[in-house]
Amino acid sequence: MERPDPDDARHLRRTRRTVEATPDLEHPERVRVDGRELLNFCSNDYLGLRTHPALLEAAHESMQQHGFGAGAAHLVSGHCLEHQALELELAAFVHRERALLFSSGYMANLGVLSALSSRHDLIVADRLNHASLLDGARLAGARLRRYPHGDTAGAARILAAHPGTALIVTDGVFSMDGDVAPVRELAALATQHGARLMVDDAHGLGVLGATGGGTVEQAGLAPQAVPILIGTLGKALGSFGAFVAGDAELIETLIQRARTYIYTTALPPAIAAATRAALRLVQHEPWRRERLQAHVQRFRAGAAALGLPLSPSMSPIQPLIVGASIRALALSESLIGHGFLISAIRPPTVPQGSARLRVTLSAAHSEAQVDALLEALGSAFARATPA
Ligand SMILES: *Cc1c(COP(=O)(O)O)cnc(C)c1O
């Protein structure tokens, strides 16, 4: 006899949906799932670059030069011209001395935190930081103290109580809530306590700031105020991978010590080439950011008029917090039935009792699609039983 699985009973079992295709590459927001075309409102392709011909052509051209796989780790023989060029361009883009490529944001965070902290050091972290930052702190064996979400005064109390080497670590844009970290206040706090500030701007880079420089640019901070910056390439840049940017000494330390950099195969050069093309689009097509920001305003105005449970987010991440996991799942299923792909995010990814529909907007969406989504959300919430 089968015993009921507790994850099933609590509506927490994680499942995957297979995206069968993106039938029209001019429309990255339209995906085919279970034979049906759905409008994707839960991807991180904020600028609509993941299918852009410039990326595909750059990858193709690079494959003619380098083949597909890098063939080795960066420190052996895998560091190709495309990687080198991308690192230089990323460093220039975020106004840092150097940048170092990692195979993913998850690996970058593990590598950086474990290379820069040891068990005598303090890591002061926002409670809602991305899982990879938490895991990095654990891997480092550092003393980890977490402050309530966005609470700079809480961070200050921790620093005051623990003199010594400290690293303050925060998401730039919080991945499940969409709100922006108080980076100005955290930078001031870091200066005051002689601590270093590390910002993981996975969701801000390319999206926020006049030139797409991210959370740090939007806050009007000098680059030196955030000595350790993490960016990912799989979100707004529509590609894959991640980087760390900072001064030359930081990057040299990471090359010597970051184990997730040293002991892994370099990204395929074609990915670096495609990312370079994406970076050019981020810089030369500000209309993508403007269009995205207009969608955010449009969505928020429409959702407010419908009485939907909006969160205080001005980023393209617009969670609708509904509370119970079963309710989030039912809403997600209902929306999929109406042609809108939106995932239900449940604990432990988000705190207990805060299951949500995590809507994300993209410059690839049209105004009409945003309006259609609002209409579908309005009727799905009206049909759903209250929490
Ligand atoms: C997505 C994300 C990561 C992980 O990046 P990957 O390149 O997908 O591994 C790290 N940090 C934050 C804040 C993220 O949102």
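Ala, Val, Leu, Ile, Met, Phe, Trp, Tyr, Cys and Pro are counted here as nonpolar, Asp, Glu, Lys and Arg as charged, and the others, Gly among them, as polar. By these classes, the lining of the largest cavity in this predicted model comprises 2 nonpolar, 4 polar and 3 charged residues. The lining residues are Pro28, Glu29, Asn40, Ser43, Asp45, Arg50, Ser362, Ala364 and His365.

Helix 13 spans residues 287-306, 20 residues in total. The distance from its first C-alpha to its last is 28 Å, close to the 28 Å expected at 1.5 Å a residue. Gly307 follows helix 13 and has a positive phi, near 75°. Buried positions in helix 13 are Arg288, Arg289, Leu292, His295, Val296, Phe299, Arg300, Gly302 and Ala303. An α-helix has 3.6 residues a turn, so residues three or four places apart point the same way. The cover over the buried residues of helix 13 includes helix 12 (269-284) and helix 15 (367-383), together with strand 11 and strand 14.

Strand 13 is joined by 2 bridges to strand 14 (residues 355-360), and the two run antiparallel. Within strand 14, Leu357 stands opposite Ala344.

Conventions. Residues are numbered from 1 along each chain as its sequence is written. This is a predicted model: local features need pLDDT of at least 70, side-chain atom pairs count only at pLDDT 80 or more; totals for chains, interfaces and linings use all residues. Side-chain values use heavy atoms; hydrogens and water are left out. Two strands pair if DSSP finds at least two bridges between them. Helices (H or I, at least four residues) and strands (E, at least two) are DSSP runs, numbered from the N terminus. The expected span of a helix is 1.5 Å times one less than its number of residues. Buried means under 20% relative accessible area, exposed over 50%, partly exposed in between (1.4 Å probe, protein chains only). Contact means heavy atoms within 4.5 Å. On a 1 Å grid over the protein atoms alone, a cavity is a set of points where a 1.4 Å probe fits but cannot get out, and a pocket is an open set with protein on both sides within 12 Å along at least five of seven lines; lining residues have an atom within 4 Å of a point.
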